[in-house]
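Please read it alongside the model.

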Amino acid sequence: MTSRNSKKTICPSCKSESTLRNSRARNTKERIIKAITWFELYKCKKCGWRGWKVNIILEQRAIKKIIFYTLLMIIAAFIVYNLLKLVV
């Protein structure tokens, strides 16, 4: 459903390829963000930029599955709602 970004990482600041490396969280706020999201901290070896980048990218088929199952849940909820209205 999801995959790691296998492409070369490009620095958003200097646009250099393959210069980003993982960076450690420096404070509690960064640790919490890192623990509960798909963001990772990176630091550029060339220009010193340090920031967040998404670590996981949704594939097209995963997006289609998410849309399909969301619609299926909406339809099921609509049917259950109408059945309960008939009973009560």
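Predicted model: local features only at pLDDT ≥ 70, side-chain atom pairs only at ≥ 80, totals over all residues.

Residues are numbered from 1 along each chain as its sequence is written, and side-chain values use heavy atoms, with hydrogens and water left out.

**Confidence**

- The average pLDDT of the chain is 86, where pLDDT is the predictor's confidence in each residue, from 0 to 100.
- A score of at least 70 is reached by 91% of the residues.
- Helix H2 (residues 60-87) has the highest mean pLDDT among the elements of the chain, at 94.
- Strand E1 (residues 2-4) has the lowest, at 45.
- Helices (H or I, at least four residues) and strands (E, at least two) are DSSP runs, numbered from the N terminus.
- Over residues 1-7, pLDDT stays under 50.
- For residues 1-7 the model has 14 contacts beyond four places in sequence; a contact means heavy atoms within 4.5 Å.

**Strand pairing**

- Strands E2 (residues 20-22) and E3 (residues 39-44) are antiparallel partners, with three bridges; two strands pair if DSSP finds at least two bridges between them.
- Leu 20 lies opposite Cys 44 of E3.
- E3 also runs antiparallel to strand E4 (residues 50-54), joined by five bridges.
- Glu 40 has Lys 53 in E4 as its bridge partner.
- Tyr 42 faces Gly 51 of E4.
- The E3 and E4 strands make a hairpin, with five residues between them.
- Gly 48 sits in that turn and has a positive phi of about 90 degrees.

- Lys 15 has a relative accessible area of 58%, so it counts as exposed. The classes are buried under 20% relative accessible area, exposed over 50% and partly exposed in between (1.4 Å probe, protein chains only).
- Ser 18 is in the loop between E1 and E2 too. Phi of Ser 18 is also positive, near 60 degrees, and Ser 18 is not glycine.
- Ser 18 is partly exposed, because its relative accessible area is 45%.

**Aromatic pair**

- What describes a pair of aromatic rings? The distance of the centres and the angle of the planes do.
- One aromatic pair turns up in a search of the whole structure.
- The pair is Phe 68 with Tyr 69, edge-to-face, at 5.2 Å centre to centre and 70 degrees between the planes.
- Rings of Phe, Tyr and Trp (its six-membered ring) pair if their centres lie within 6.5 Å; planes under 30 degrees apart count as stacked, over 60 as edge-to-face and the rest as tilted.
- Phe 68 is partly exposed, with 47% relative accessibility.
- Tyr 69 is partly exposed, at 48%.

- Ile 57 is part of strand E5 (residues 56-58).
- Its relative accessibility is 38%, so Ile 57 is partly exposed.
- Ile 57 and Phe 78 are separated by 21 residues in sequence and by 32 Å in space, C-alpha to C-alpha.
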